[in-house]
Amino acid sequence: YFSHLPESQRSDLTGLLNAYYVLFSDVPSQTTVLMHEKDVGDTLPLKQRPYRVCSDKRCRLKLQVEYMLAHGIDEPCISARSSPCLLTVKSNGEDRFCTDYITFCNIL
């Protein structure tokens, strides 16, 4: 993977990655150091409708959600608030799962 580096740097980097392999996993994870909660006070809940998507993109969105649930990145939630999710394409052609909080913030 690191053929562009000189051998000494390649060896150092490989050693670092092996020593801290938990930090450089191929599977995304989340921290257990802190938790963030947003106090919305007594504001009325906003529930935005999901965006319309073609069946192919809907299947790809579902795969992303299943992946996040299976790896503990996300968890099911029952809430009166919601924001739409969408897929964008990364530079390598893979899907990136996004949530459109911008519209939500503009409404407030």
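Tyrosine 20 lies in the loop between α1 and α2, where helices (H or I, at least four residues) and strands (E, at least two) are DSSP runs numbered from the N terminus. The tyrosine 20 side is partly exposed, with a relative accessible area of 46%; buried denotes under 20% relative accessible area, exposed over 50%, and partly exposed the range in between (1.4 Å probe, protein chains only). The structure is a predicted model, in which local features need pLDDT of at least 70 and side-chain atom pairs count only at pLDDT 80 or more, while totals for chains, interfaces and linings use all residues. Residues are numbered from 1 along each chain as its sequence is written, and side-chain values use heavy atoms, with hydrogens and water left out.

The mean pLDDT of the protein is 85, and 93% of the residues score at least 70; pLDDT is the predictor's confidence in each residue, from 0 to 100. Among the elements, helix α2 (residues 55–70) has the highest mean pLDDT, 93, whereas helix α3 (residues 101–107) has the lowest, 61.

The secondary structure comprises three helices and two strands, arranged along the sequence in the pattern α-α-β-β-α. The protein is more spread out than a compact globule, because its radius of gyration of 19 Å is well over the 13 Å that the globule rule gives for 108 residues. The radius is taken over C-alpha atoms, and the rule is 2.2 Å times the number of residues to the power 0.38. Along the principal axes, the C-alpha trace spans about 60 × 35 × 25 Å. Of the 108 residues, 9% count as buried.

Two C-alpha separations illustrate the spatial extent of the model. Tyrosine 20 and isoleucine 78, which are 58 residues apart in sequence, are 36 Å apart in space. Leucine 63 and serine 8 are 55 residues apart in sequence, with a C-alpha to C-alpha separation of 41 Å. Leucine 63 is placed in helix α2 and counts as exposed, at 55% relative accessibility.

Tyrosine 20 also contributes to a nonpolar surface patch, together with Leu16, Leu23 and Phe24. The four residues have about 440 Å² of accessible area together, as given by the Shrake-Rupley method with a 1.4 Å probe, only the protein chains shown counting as cover for residues. Patches are made of residues with over 30% relative accessible area and no salt bridge, like charges being joined within 9 Å and nonpolar side chains (Val, Leu, Ile, Met, Phe, Trp, Tyr) within 5 Å.

Four salt bridges are present in the structure, a salt bridge being a side-chain nitrogen of Lys or Arg within 4 Å of a carboxyl oxygen of Asp or Glu. One of them joins arginine 10 to glutamate 7, with an N to O distance of 3.6 Å. Both residues lie in helix α1, three residues apart, about one turn of the helix. Arginine 10 is partly exposed, at 28% relative accessibility, whereas glutamate 7 is exposed, at 52%.

Arginine 60 takes part in two of the contacts described here. In its salt bridge with aspartate 56, the closest N and O atoms are 2.8 Å apart; arginine 60 and aspartate 56 both belong to helix α2 and are four residues apart, about one turn of the helix. Arginine 60 is partly exposed, at 26% relative accessibility, and aspartate 56 is likewise partly exposed, at 46%. The side chain of arginine 60 also meets that of aspartate 95 in a salt bridge, at 2.8 Å from N to O. This pair links distant parts of the chain, with arginine 60 in helix α2 and aspartate 95 in strand β2 (residues 95–99), 35 residues apart. Through shared partners, the salt bridges join Asp56, Arg60 and Asp95 into one network.

The structure holds zero disulfides, a disulfide being a pair of cysteine sulfur atoms within 2.5 Å. The sulfur of cysteine 54 has its closest cysteine sulfur in cysteine 59, at 8.8 Å, which is too far for a bond. Cysteine 59 is accordingly in no disulfide, the nearest cysteine sulfur being that of cysteine 54. Cysteine 54 is partly exposed, with a relative accessible area of 48%, and cysteine 59 counts as partly exposed at 48% relative accessibility.
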